[in-house]
Amino acid sequence: MVHDWPERHASSPAELQARLAAERAEAPFLELRDGDGVQQIVPLEAQLTVGRSPSAGLALPWDAQVSRSHTSIECLDGVWTVLDDGRSTNGTFVNEERVAGRRTLRHLDVIRVGATRLRFHDPSEAGQDSKLTEVAGNVAIPTLTPAQLRVLGALCRPADGPASNEEIADELTVSIDTVKTHMRALFDAFDLQSSAPYRKRFELVKKAVDAGLVSPPR
């Protein structure tokens, strides 16, 4: 579930690619937009301090409502938490509930400090169910596994049309049955189940290119 996340359907394909790359790294991270509206991806390690001070681990100098030392995000015994110990003037909020002390974070929780929102991602909680999660323009962007992305890349590579299952299997050194399994998952992820069989592969290539997941065939 996405909590109070502004303009979540306005991401560009490049921004979505950056988030997909961060998710594939399988490590927690924060997503935010800076004072110029540019997406920033911040990998999380053991502890991250957040504040307006330049010395903060995550400095937010553009937000006058953020205290110099506002809050911290910490991993304790494998559980990610946000801590507000009263040091901030305007408080810290998770999904618009004010934090008093320490609060556990869940995948896609939205932390608000001042006027800045930080979305917490934990790929280990996200799962690999390939459900549609974002939209750029009119292009639905599914979350794909690394294996599905490799098959998608091989499918889209030829300039004279989508690669056959046999060609994909040869390129990736996998069985044709494995390719067929991934192709069925890709058709499902891109909502192409009802398309005519002879059109599915061409429509899949177009959607993948439009979404910025692969380069146009050359």
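**Exercise 1.** State how many salt bridges a search of the whole structure finds, and work out which parts of the chain the pair Glu31 and Arg119 ties together.

Solution. The model is predicted. Searching the whole structure gives eight salt bridges. In one of them, the side chains of Glu31 and Arg119 meet at 3.0 Å, N to O. Next, place each residue: Glu31 belongs to strand β1 (residues 29-33) and Arg119 to strand β11 (residues 116-121), so this pair ties together parts that are 88 residues apart in sequence.

**Exercise 2.** Classify Glu31 and Arg119 as buried or exposed.

Solution. The cut-off for buried is under 20% relative accessible area. Glu31 has 2% relative accessibility and therefore counts as buried. Arg119 has a relative accessible area of 1%, so Arg119 is buried.

**Exercise 3.** Give the strand order of the open sheet, and find which strands stand at its edges.

Solution. Five strands form the open sheet, in the order β4-β3-β5-β6-β9, with mixed pairing. β4 (58-59) and β9 (101-104) each have a single partner strand, so one side of each has no neighbour in the sheet and these two stand at the edges. For β9, look at strand β6 (residues 79-84): the two strands run antiparallel and are joined by four bridges. Within this pairing, Leu83 has Arg102 of β9 as its bridge partner.

**Exercise 4.** Find which residue meets the side chain of Arg102 in a salt bridge, and classify Arg102 by its relative accessible area.

Solution. The side chain of Arg102 meets that of Glu74 in a salt bridge of 3.1 Å, N to O. Arg102 lies in strand β9 and Glu74 in strand β5 (residues 71-76), so the pair ties together parts that are 28 residues apart in sequence. With a relative accessible area of 39%, Arg102 is partly exposed. Glu74, at 11%, is buried.

**Exercise 5.** Identify which residues are linked with Glu96 in a network of salt bridges.

Solution. Arg117 and Glu96 meet through their side chains in a salt bridge of 3.7 Å, N to O. Arg117 lies in strand β11, while Glu96 is in the loop between β7 (92-94) and β8 (97-98), so the pair ties together parts that are 21 residues apart in sequence. Arg117 is partly exposed, with a relative accessible area of 24%, and Glu96 is partly exposed at 35%. The network of salt bridges links Glu96, Arg112 and Arg117.

How values were computed. Residues numbered from 1 in each chain as written. Predicted model: local features only at pLDDT ≥ 70, side-chain atom pairs only at ≥ 80, totals over all residues. Heavy atoms only, no water. Pairing = 2+ DSSP bridges. Salt bridge = Lys/Arg side-chain N within 4 Å of Asp/Glu carboxyl O. Buried < 20%, exposed > 50% of the residue type's maximum accessible area, 1.4 Å probe, protein only.
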